[in-house]
Amino acid sequence: MAKPIVLIAEELSPATVEALGPDFDVKTVDGTDRAALLASLVDASAILIRSATHVDAEAIAAAKQLKVIARAGVGLDNVDIKAATEAGVMVVNAPTSNIISAAELTVGHILSLARHIPKANASLSDGAWKRSKYTGVELYEKTIGIIGLGRIGALISARLQAFGMNVVAYDPYVTSARAQQLGVTLLTLDELLAQSDFITIHMPKTPETTGMISTEQLALMKPTAFIVNVARGGLIDEDALFAALKSNRIAGAGIDVWVTEPPTNSPLLELENIVVTPHLGASTDEAQEKAGVSVAKSVRLALDGELVPDAVNVAGGVIDPTVRPGIPLIEKLGQVFSGLADSPITSVDIEVRGEIVEFDVSVLKLAALKGIFSNIVSETVSYVNAPLLAEQRGMTVRLITESETEEYRNLLTIRGSLSDGSQLSVSGTLTGTKQTEKLVEINGYDVEVPIAEHLIVMIYKDRPGIVAIYGKEFGEAAINIAGMQIARTQAGGQALSVLTVDSPVPEGLLEKVRIAIDATLLREVDITE
């Protein structure tokens, strides 16, 4: 069998290819050569990029086999996430790969502004000795204002507290308890701008944050204050910043990221009171290697059909080891559920009970939907597009958690309504030290059957001789029964029988058995990995 093709469209570290391992056919292409890129994408299962390659709707449409787009870095401006999601393509990045490098560059900009390091270096290199011209200021006991107290903001806070700086921050999503833990005082944005001697911005780029620092905000700053942006181009209005620097309304700025890169015609480059760098936030050997290795691991997970914690278009996150074994179990329960449904599914409840609910179990909702749709739609189903498939079909989906469960340590149930008004439920659990996947309930009937590749579910009136009838039919057809369990509500009432068999059962044989035992339900469910 041919190995899946992984396309590397930009230069990545050797450790990235090593992290992919031997299971893929790794090919390279110049991602900036549009024609070559589109041609190479035709049979690619994954593509690894940095910032120069644009994977837009056209590229995604050309990549019929594509399962994952991996950006070895943080930003995703060059990936059409909406088009990827609609196509069932996972998009992953390396959100933590450059946080230390970005934090350190920020501190470097602040020190450069405070002590005029770049200008003094250039002056001395030209043969001038101008000590008095480059008199600076200390960071000690100055106030640093951090706009955005996420991972990078927190790292900067820790580093600048070591300089003896007073740290204030603006972040509408950070609690006062978290800020107190970091040794930071939370302020409104206007208060921060007015009080800070140095300001650094670390917000995501959204329609709301684009241009969030403009003329009005710069006017609130001290004339002696400096502002730094190593986060995303456009968070600071470049025209407003130019006016504030040109008029000496503020003392200076440090800019690493730009609205247009490279900023060839930017008037900011002509100013004396600005320190500029060419988007170096992630440009360290360590960050590049961490980013490449991180996305290579994500590609391996994605092509193995597993949920990827760093997928940006999947509602998930870091999966606790306690939760992880439940993912394949509930996906298989989803296949059993849809395999037993006689009419379209209108609503589904994914119920998680037991000790496992102490952790984030939202991934189990995605896995259940992936299992439900895997055998009832023609397109490829992934953790990415399964929620979209439910939404498109008007299916109501809920995740319900409950810490108490009577018989099992943990119990996973998929319960739903069908368009004919009927209800359907299936439940499963993991047992023993080997965490064996077991089917333990179907429509209120208690069973305990290991989940196998081929399951046969029958409901019929309980009476003597039924097992002999279907045992004979399957035996004569060389269908080996590996396991069996019968459940019933009462003697002589309805009985449910679950068989595990070693091979698929022909449809004609199923119909013959159904007639022979007068079954109200007889269905084979094939479980795919």
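Lys82 and Glu86 both sit in helix H4, which covers residues 81-86, and they are four residues apart, about one turn of the helix. Their side chains meet in a salt bridge, at 2.6 Å from N to O. Are these two buried or exposed? Both Lys82 and Glu86 are exposed.

Before I go on, a quick reminder: what you see above is a predicted model.

So what is going on in a pair like that? In general, side chains of opposite charge can pair when their charged atoms come close. How many salt bridges does the count come to here? It comes to 17 salt bridges.

Let me show you another one, between Asp197 and Lys222. Their side chains meet in a salt bridge too, with 2.9 Å from N to O. This pair links distant parts of the chain, 25 residues apart. Asp197 is in the loop between helix H9 (189-195) and strand E9 (198-201). Lys222 is in the loop between helix H10 (215-219) and strand E10 (226-229). Now, how open are they? Asp197 has 14% relative accessibility, and because buried means under 20%, Asp197 counts as buried. Lys222 is at 26%, so Lys222 goes down as partly exposed.

Next up is Glu58, which forms a salt bridge with Arg34; the closest N and O atoms there are 2.8 Å apart. Here again, the pair links distant parts of the chain. Glu58 is in helix H3 (residues 57-62), Arg34 is in helix H2 (residues 34-41), and the two are 24 residues apart. Glu58 has a relative accessible area of 48%, so we call Glu58 partly exposed. Arg34 has 27%, and that makes Arg34 partly exposed as well.

Okay, on to charges on the surface. Find Glu18, Glu104, Asp285, Glu286 and Glu289 in the structure: they gather in a patch of negative charge. Which helix gives the largest share of that patch? That would be helix H12, residues 285-303, which supplies three residues. Glu289 is found in helix H12, and with 42% relative accessibility Glu289 counts as partly exposed.

There is a nonpolar patch on the surface as well. Val467, Met484 and Ile486 form it, and together they have about 230 Å² of accessible area. Take Met484 from that group: you'll find Met484 in strand E20, residues 481-488. With a relative accessible area of 41%, Met484 is partly exposed.

Last bit: let's zoom out to the whole chain. There are 17 helices and 22 strands in the chain. Along its principal axes, the C-alpha trace spans about 105 × 50 × 40 Å. What is the radius of gyration of the chain? The chain has 30 Å, whereas a compact globule of 529 residues would have a value near 24 Å. And how much of the chain counts as buried? Of the 529 residues, 50% do.

Notes: Residues numbered from 1 in each chain as written. Predicted model: local features only at pLDDT ≥ 70, side-chain atom pairs only at ≥ 80, totals over all residues. Heavy atoms only, no water. Patch = residues over 30% accessible without salt bridge, like charges linked within 9 Å, V, L, I, M, F, W, Y side chains within 5 Å. Areas by Shrake-Rupley, 256 points an atom, 1.4 Å probe, with all protein chains shown as cover. Salt bridge = Lys/Arg side-chain N within 4 Å of Asp/Glu carboxyl O. Lys, Arg positive; Asp, Glu negative; His and termini not counted. Charge placed at Lys NZ, Arg CZ, Asp CG, Glu CD. Buried < 20%, exposed > 50% of the residue type's maximum accessible area, 1.4 Å probe, protein only. Rg over C-alpha atoms; globule rule 2.2 N^0.38 Å.
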